[in-house]
Amino acid sequence: MGKDTPKLSLVVYPASILRKQATIVKTVDGPLIKAADAMFSIMYENHGVGLAAPQVGMSKRVLVIDLRQDDQPIYVMINPRITKREGETEAEEGCLSLPEVFGQVKRAERVEVAYVDREGEERTLLAEGLLARAIQHEIDHLNGVLFADRVAEAQKKLVDQKLRELAESAKQKSKEHAR
Ligand code: NI
């Protein structure tokens, strides 16, 4: 890997990169594809089904999704944007960057998403069910939004408490490192 592709690893709350607006990808080149492949590896190591680039410390508009468990192809989406939303559905979500946190989140039931694929081709996809949910969750990451921001009111207190615990344990860890 060259200097443009730093070693990527999973980033956990409250890392500030998770709150940043990720930047548009201008060129789909070798280093970008390598980074996407690294994202898949990190996602599989952590038993996830979707991952956004900021979650591996790269603030670029890239996401990967593997929902083969749901009979879907594997997706790399570059500069994805939702162009249509339909319906509403609520289901439980989790996130590799928010370990041990779960909550009910309302999402559009179906979305149309425009994106660039790993070959650099413009694509449009109509998605529903789990895939639609994953796309919305991962695009949120590209905008600095976490599912915890969207949990149902009834669970907000519990989720906020979990977030405080994560922040506290991250603080403890960095103190141990400093020692
Ligand atoms: Ni997530």
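Which side chain of opposite charge is nearest to R61, a buried residue that has no salt bridge? The tour gets to that residue after a few words on the model.

The model is predicted, so local features need pLDDT of at least 70 and side-chain atom pairs count only at pLDDT 80 or more, while totals for chains, interfaces and linings use all residues. Residues are numbered from 1 along each chain as its sequence is written, and side-chain values use heavy atoms, with hydrogens and water left out.

**Stop 1: R61**

Select R61, in the loop between β1 (50-52) and β2 (62-66). Helices (H or I, at least four residues) and strands (E, at least two) are DSSP runs, numbered from the N terminus. The nearest side chain of opposite charge is D140, 8.6 Å away. For charge, Lys and Arg count as positive and Asp and Glu as negative; His and the chain ends are not counted. A salt bridge is a side-chain nitrogen of Lys or Arg within 4 Å of a carboxyl oxygen of Asp or Glu.

Now show the polar atoms around R61. Its side chain makes a polar contact with the side chain of N143, at 2.7 Å. A polar atom of the R61 side chain also lies 3.0 Å from the backbone oxygen of A22. A polar contact is a pair of N or O atoms within 3.5 Å; within protein, one must be able to donate a hydrogen and the other to accept it, and residues adjacent in sequence count only if both atoms are side-chain atoms. Leaving aside neighbours within four places in sequence, R61 is in contact (heavy atoms within 4.5 Å) with residues including Q21, A22, M77, P80 and N143.

**Stop 2: S59**

Go to S59, which is also in the loop between β1 and β2. S59 counts as buried because its relative accessible area is 15%. Beyond its neighbours within four places in sequence, S59 is in contact with I17, K20, Q21, A22 and T23. To set a distance across the model, pick the C-alpha atoms of S59 and E122: they are separated by 21 Å, and the two residues are 63 apart along the chain.

**Stop 3: the nickel ion**

Select the nickel ion. Its protein donors are C95 (SG), H137 (NE2) and H141 (NE2), lying 2.1 to 2.2 Å from the ion. Donors are N, O and S atoms within 2.8 Å of the metal (3.2 Å for Na, K and Ca); water is not among the atoms, so sites may look incomplete. The spacing of the donor residues in sequence is C-x41-H-x3-H. C95 is buried, at 12% relative accessibility, and H141 is buried at 1%.

**Stop 4: salt bridges**

The whole structure holds 13 salt bridges. Select R133 and E93, whose closest N and O atoms are 2.7 Å apart. This pair links distant parts of the chain, with R133 in helix α2 and E93 in strand β4, 40 residues apart. R133 is buried, with a relative accessible area of 8%, and E93 is buried too, at 5%.

Then move to helix α3 (residues 153-178), where K156 and D160 are separated by about one helical turn because they are four residues apart. Their side chains meet in a salt bridge of 3.7 Å, N to O. K156 is partly exposed at 23%, as is D160 at 27%. Elsewhere, salt bridges that share partners join E93, R107, R133, D140 and R150 into one network.

**Stop 5**

Select residues 110-116 (β6) and 122-128 (β7), which pair in the antiparallel sense over seven bridges. Strands pair if DSSP finds at least two bridges between them. V113 has L125 as its bridge partner in β7. The two strands form a hairpin with five residues between them, and G120 in the turn has a positive phi of about 85°.

D117 forms a salt bridge with R123, the closest N and O atoms being 2.7 Å apart. D117 counts as buried at 7% relative accessibility, whereas R123 is partly exposed at 41%.

End on E112, in strand β6. E112 is buried, with a relative accessible area of 17%, and its side chain makes a polar contact with that of T83 at 2.7 Å.

Conventions
Buried < 20%, exposed > 50% of the residue type's maximum accessible area, 1.4 Å probe, protein only.
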